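The structure is shown first.

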Amino acid sequence: MAAPTEVATTLLLLRHGETPLTAQKRFSGSGGADPSLSVGGRWQAARVANALVTHGKVDAVVSSPLTRCRETAGAVAARLGVEVDIEQDLRETDFGSWDGLTFEEVRSRFPAEMTDWLASPAVAPPGGESFAEVGSRVTRALDAVLAGYAGRTVLVVSHVTPIKTLVRLALGAPEEALFRMHLDPAALSVVAYYPDGNASLRSWNDTAHLRP
């Protein structure tokens, strides 16, 4: 593969801080409750803001429309002195009937559907959307951000599935790779995108800014 050329557009991919549902390990998508950050989540957002103030120039902040992301993005943007732009296609997966349930509750109530979902990114939870469908809209969001912020550094505040999808696309990995990635709350990942079409994953699931 040829080396990347020209000025990169750098995306700092930030998962939102914790919510009460995060701590309980419950499905929390875009089709059910829209929880706010917990006290711990607000602390995490403040820690990210502190870290990014010393990171260097961040030109823009783009966020999912969901409350937990807007709150995280707002805390960082206020410190950076920039506005938050909302990108609808960066919202989390719609988990349909599973929203608000734990993994074990879903396995108990929807055993066949859970088995099918784990076996294929094309399968959606009942009343929800598949990872393949999420991938299509995240690709639209990526195209919009790259077109709108070419050559700049952008903080993108989103959720587990969209961020994993962006990294998967950057690596040219199959959709099944989503099941093999772990992403912590308020973790940062960095991807550089070049005008010639190359992309480079610079870091993944960095939580150093959350350490005492």
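I take angles under 35 degrees as roughly parallel, over 145 as roughly antiparallel, 65 to 115 as roughly perpendicular and the rest as oblique. The model is predicted, with local features needing pLDDT of at least 70, side-chain atom pairs pLDDT 80 or more, and totals for chains, interfaces and linings using all residues. Residues are numbered from 1 along each chain as its sequence is written, and side-chain values use heavy atoms, without hydrogens and water.

Entry 1, H6 and H7. Helices are DSSP runs (H or I, at least four residues) and strands likewise (E, at least two), numbered from the N terminus. I found H6 and H7 packed at about 75 degrees, with axes 9 Å apart; the axes are lines fitted to C-alpha atoms over the stretch in contact, and angles run from 0 to 180 degrees between N-to-C directions. The two helices are therefore roughly perpendicular. For contacts (heavy atoms within 4.5 Å), I noted Phe131 and Leu142 among the H6 residues that meet H7, whose side includes Pro162 and Leu166.

I count a residue as buried under 20% relative accessible area, exposed over 50% and partly exposed in between (1.4 Å probe, protein chains only). Of the 12 residues of H7, 10 are buried, so the helix is largely enclosed by the rest of the structure. Its cover includes strands E1, E4, E5 and E6 as well as H6. Glycine 172 follows H7 and has a positive phi, near 70 degrees.

I listed its buried residues as Gly41, Gln44, Ala45, Val48, Ala49 and Leu52. What covers them includes E1, H3, E4 and E5.
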